[in-house]
Amino acid sequence: MGAQIREYRQRIRSVKSIKKITRAMELMAASRVVKARQRVDDTTPYADAITQALATVAGHSDVVHPLTTEAENPTRAAVLIVASDRGLAGAYSSAVLKASEQLVTRLTEEGKEVVPFLYGRKAVGYYSFRRREFAESWEGNTDAPQVERAREIAERLVEEFLAEEGGVDEVHVVYTKFVSMVSQEPRSLRLLPIQVVDDATGSDTDTARSGRDEGGQMPLYDFEPSAEEVLDAVLPQYVRHRIFNCLLQAAASELAARQRAMKSATDNAEDLITTYTRLANQARQAEITQEISEIVGGANALADAK
Amino acid sequence: MANLNVELVAANGKVWEGEARMVRVRSVEGDLGVLPGHEPMLVALAPGEVHIRAEGGDDTTVEIDGGFMTVDSDHVTVVAESVVRSGS
């Protein structure tokens, strides 16, 4: 067998085994993305309830809470970057890191010192490769985040935000919003201070519960033990939930991105296999043709010699 | 008598939903029972048990790690980060 055919066959074999791997990863991501989306959807009732409660408090009292108070002169801003642990997800990590760079640049231009908090090994790798400082990092399980992790992050950020000395005045989060299976976009949002979605027109026009309250009237509320303490309980929970939601969306986005990346890798492998098979066949035919012409040539030479 | 419409919501999904006669929770200031017709309120909850007495006398008891409860025109929403069922 000619050396060329052997080489082509070898390549076909290796591409085939790569294809098996990418196919397996694609299927795995596909099945896990369904679960991840389910988890995002599962948190919706909680988000509704908590937003509703916040709107209620905001609409029925004018309590000022440290978590909602804007700093007069913000000088330090924390940025939580939500990336992934593993690669092989197309542009997923680089897109979110790029978005974070933009935010960092913007904050720096506004004269704020940026304190990065990293989530996911890729973000940590990005920062340590560039020898940049970061305040804290979390790694592991980015494709299936747990409530405990979100709580840990939230507590750290809130603590940083509430610190009297050397704390931060703002907390931003950069994550990837899961729009659909084919579209995930990096987003940045300001987590703290919380902008309570207060209906400026007054407390009687809250529409969130209009389905139940006749005439859209918001009833008078009784706060137990007091509006301040209710806020104390609700706001940190809200922060934790926002972070958890970001992590879940990021996880779903990561898996969707990985599924797409692996699908195109599998497709490319198929294309390569086709190309190499054609080349191998061509080489085989060329070899056969050459052998035939050699035999014919040899036979003719013998016949002529007689 | 009208019933309460109760929702028990945890961070990772709705845990329980249905009609109930009474809901008993532990607020930060002590135990608190809610019957139909209660005035609207928002209560901060302490870690402890939430007790739901359903229509037929079936009781549901869960353990929560703190959170809050809203009561609004016989609609009760208990919101907690983690909810663990503790027996019937």
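Domain bounds here come from an automatic or database domain assignment.

**View 1. The two domains of chain A.** Chain A splits into domain 1 (3–26 + 261–298) and domain 2 (29–258). Their C-alpha centres sit 50 Å apart. Where they meet, domain 1 of chain A puts in four residues and domain 2 of chain A puts in seven; two residues count as in contact if their C-beta atoms, placed from the backbone, lie within 7 Å. On the side of domain 1 of chain A that touches domain 2 of chain A, H1 and H6 of chain A supply at least two residues each. That side holds three nonpolar residues, no polar ones and one charged residue. For these classes, Ala, Val, Leu, Ile, Met, Phe, Trp, Tyr, Cys and Pro are nonpolar, Asp, Glu, Lys and Arg are charged, and the others, Gly among them, are polar.

A word on the model and its labels: this is a predicted model, where local features need pLDDT of at least 70, side-chain atom pairs count only at pLDDT 80 or more, and totals for chains, interfaces and linings use all residues. Residues are numbered from 1 along each chain as its sequence is written, while chains are lettered from A and ligands numbered from 1 in the order in which they are written.

**View 2. Chain B by itself.** Chain B has nine strands and zero helices; helices (H or I, at least four residues) and strands (E, at least two) are DSSP runs, numbered from the N terminus. The radius of gyration of chain B is 12 Å, close to the 12 Å from the globule rule for 88 residues, so chain B is as compact as a globular protein of that length. That radius is taken over C-alpha atoms, and the rule is 2.2 Å times the number of residues to the power 0.38. Of the 88 residues in chain B, 39% are buried, that is, with 20 or more other C-beta atoms (placed from the backbone) within 10 Å of their own.

**View 3. Where chain A meets chain B.** The contact draws 29 residues from chain A and 26 residues from chain B. On the chain A side, H6(A) gives the largest share, eight residues. By class, that side of chain A has 16 nonpolar, four polar and nine charged residues.

View 4. S6(A) and strand S4 (residues 41–45) of chain B run parallel, joined by three bridges; strands pair if DSSP finds at least two bridges between them. Look for Phe223(A), which stands opposite Leu42(B) in S4(B).

Technical notes
Buried ≥ 20, exposed ≤ 12 C-beta atoms within 10 Å, placed from the backbone.
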